[in-house]
Amino acid sequence: VESIPNRVRLLRDTKGTGVADFESVYAENLNQPFGLAFYPPKDPKYIYIANTDSVVRFPYHPNDVHIRGKGEVIIKDLPGGGYHQHWTRNLLFSPDGKKLYVSVGSETNVGEEPEKRAAILEYNPDGTGYRVYANGIRNPVGLAFHPVTGEMWTACNERDGLGNELVPDY
């Protein structure tokens, strides 16, 4: 993903050498894209792209070198932007493919956040069924399910810009 030029670039190793020898602009005209996910996870028919303020899905075909057709905005009310790099949005499907999770960082450095900020949000794959899955997470920037326990894990960037004379955030 190339967030600043607002596009997704495809790199492909067509010769099996372990080095990409083909590249193309796979999707463009996005809004600070960051997270990608394929659905359903085992035999994808869609690629989901998380913009800073929305989630869009496109039909997915493994041999395509660019997006076909117009994307469908399935989540259109994500709060955009945020404090420093907190505009990033990660995506993750549950192992059974029944839920989509979206991470949303805080809007400020210190303070109370609105409901859809500093949280991991849960949706159905079609964008319905919204609920807050976890909150009070200042800037979740990675999402994964533990392969044995099934617990969701996230990497979280906590306070910054407050100086070095504070206690650790753990």
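This is a predicted model: local features need pLDDT of at least 70, side-chain atom pairs count only at pLDDT 80 or more; totals for chains, interfaces and linings use all residues.

Trainee: Not counting residues up to four places away in sequence, which residues does L78 touch?

Mentor: With residues up to four places away in sequence left out, L78 touches N51, T52, D53, S54, V55, R89, V102, V104, L121 and Y123.

Trainee: Which strands stand at the edges of the open sheet that contains β3, and why is one side of each left without a neighbour?

Mentor: This open sheet has 4 strands in the order β3-β4-β5-β6, and the pairing is antiparallel. One side of each edge strand is left without a neighbour in the sheet because each has a single partner strand; the edges are β3 and β6.

Trainee: What is the average twist from one strand to the next in that sheet?

Mentor: The strands concerned are those of the order β3-β4-β5-β6. From one strand to the next, the twist averages 30°.

Trainee: Now the open sheet with β7: which strands stand at its edges?

Mentor: Here 4 strands form an open sheet with antiparallel pairing, in the order β7-β8-β9-β10. Each edge strand has a single partner strand, so one side of each is left without a neighbour in the sheet; these strands are β7 and β10 (131-135).

Trainee: What does the twist average in this sheet?

Mentor: The order to follow is β7-β8-β9-β10. The twist from one strand to the next averages 25°.

Trainee: Which residue in β10 stands opposite E122?

Mentor: β9 and β10 run antiparallel, with 4 bridges joining them. In β10, the residue opposite E122 is R131.

Trainee: Is V104 buried or exposed?

Mentor: V104 is found in strand β8 (residues 100-104). Leaving aside neighbours within four places in sequence, V104 is in contact with L78, P79, R89, K116, R117, A118, A119, L121 and P140. The relative accessible area of V104 is 0%, and the cut-off for buried is under 20%. V104 is therefore buried.

Trainee: How far apart in space are V104 and A118, C-alpha to C-alpha?

Mentor: In sequence, V104 and A118 are 14 residues apart. A118 is one of the contacts of V104. The C-alpha to C-alpha separation is 5.6 Å.

Trainee: With which side chain does the side chain of S106 make a polar contact?

Mentor: S106 lies in the loop between β8 and β9 (119-123). S106 is buried, with a relative accessible area of 2%. At 2.9 Å, its side chain makes a polar contact with the side chain of H86.

Trainee: How far apart in space are A119 and S106, C-alpha to C-alpha?

Mentor: A119 lies in strand β9 and is buried, with a relative accessible area of 0%. Beyond four places in sequence, the contacts of A119 are V102, S103, V104, V132, A134, N135, I137 and P140. A119 and S106 are 13 residues apart in sequence, and their C-alpha separation in space is 7.9 Å.

Trainee: What kind of aromatic pair do Y46 and Y48 form?

Mentor: The structure holds 9 aromatic pairs. For Y46 and Y48, the centres are 6.5 Å apart and the planes are at 75°. Planes over 60 degrees apart count as edge-to-face. The pair is therefore edge-to-face.

Trainee: Which of the two counts as buried?

Mentor: Y39, Y46, Y48 and F93 form one aromatic cluster. Y46 is partly exposed, with a relative accessible area of 29%. At 0% relative accessibility, the residue that counts as buried is Y48.

Trainee: In the hairpin of β11 and β12, which residue takes a positive phi?

Mentor: Strand β11 (residues 140-145) and strand β12 (residues 152-156) run antiparallel and are joined by 5 bridges. The bridge partner of F145 in β12 is M152. The hairpin has 6 residues between the strands, and the residue with a positive phi, near 80°, is G150.

Notes:
Residues are numbered from 1 along each chain as its sequence is written. Side-chain values use heavy atoms; hydrogens and water are left out. Two strands pair if DSSP finds at least two bridges between them. Helices (H or I, at least four residues) and strands (E, at least two) are DSSP runs, numbered from the N terminus. Buried means under 20% relative accessible area, exposed over 50%, partly exposed in between (1.4 Å probe, protein chains only). Contact means heavy atoms within 4.5 Å. A polar contact is a pair of N or O atoms within 3.5 Å; within protein, one must be able to donate a hydrogen and the other to accept it, and residues adjacent in sequence count only if both atoms are side-chain atoms. Axes are lines fitted to C-alpha atoms, for helices over the stretch in contact, and angles run from 0 to 180 degrees between N-to-C directions. Rings of Phe, Tyr and Trp (its six-membered ring) pair if their centres lie within 6.5 Å; planes under 30 degrees apart count as stacked, over 60 as edge-to-face and the rest as tilted.
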